[in-house]
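Here are a few friendly notes on the charged side-chain pairs, for when you next open the file. Please read them alongside the coordinates.

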Amino acid sequence: MSWTRGLPGALAVCVLLPVAAAGCGSGAAHGERGTGSPSPVGRILDDTDEDGRHYREAGGKQAPEVDTVITPDAAGGWDVRLDVHRFRFSRAGTAARAVAGRGLAYLFVDDGLVTRLRTPGYHLPAGLVPHGTHRVTARLYADDGTVWAVRGEPVESTADITASGAERATPTAAAAHRPDECMGHPSPYLGARFT
């Protein structure tokens, strides 16, 4: 009698064990991150930046954009603000893989790397911008080190700043691909003089 009652239970265990075992072998089933292979984001191009990092094409309406706005501060330095669209800054320690619309910005002065930014703001000390005109460029990178690109051009924005001996300045903000506009809007700093 007990054998007939136990038979359906034993059969159920025999059916469920292989199913449960199949689900237990996958790290994704336990919520672990980074165990599956991520789907590719964008297409890797042959072009590279100055340090050999490949461009990653992120075309379409969801491509990230950046605009650089620089204002002089009272101490003679410069406050840099990056206005980004369809882009989020990743936290430190983020996995080194490309995720659409995420990453960090590299800030260059006259083509020399100053810092890597994980926030939209940065204070540029006066010592990095001596007397004369200098190009400040912000370029967007994916977390895997590739450069976000649109139509084969890096997603970046450049602002020219001029520091005089009296620490007066004339910032000019311009998107790299539209010198007379900042991401579709006329630049409020184009030709403006700060005293």
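1. Asp83 is partly exposed, with a relative accessible area of 24%. Its partner in a salt bridge is Arg81, at 2.9 Å from N to O. Arg81 is partly exposed too, its relative accessible area being 42%. Do keep in mind that this is a predicted model.

2. Next, a pair that I would look at in the strands. Glu156 and Arg139 form a salt bridge through their side chains, with an N to O distance of 2.7 Å. The two residues are 17 apart and link distant parts of the chain, Glu156 sitting in strand E12 (residues 156-163) and Arg139 in strand E9. Are these two side chains placed at buried or exposed positions? Both Glu156 and Arg139 are buried.

3. Now for Arg56, which pairs with Asp144 in a salt bridge whose closest N and O atoms are 2.6 Å apart. Arg56 belongs to strand E2 (residues 54-57), while Asp144 is in the loop between strand E9 (132-141) and strand E10 (147-150), so this contact ties together parts 88 residues apart in sequence. Arg56 has 9% relative accessibility and counts as buried because the cut-off is under 20%. Asp144, by contrast, is partly exposed, at a relative accessible area of 29%.

Definitions and conventions: Residues numbered from 1 in each chain as written. Predicted model: local features only at pLDDT ≥ 70, side-chain atom pairs only at ≥ 80, totals over all residues. Heavy atoms only, no water. Salt bridge = Lys/Arg side-chain N within 4 Å of Asp/Glu carboxyl O. Helix = DSSP H or I, 4+ residues; strand = E, 2+ residues; numbered from the N terminus. Buried < 20%, exposed > 50% of the residue type's maximum accessible area, 1.4 Å probe, protein only.
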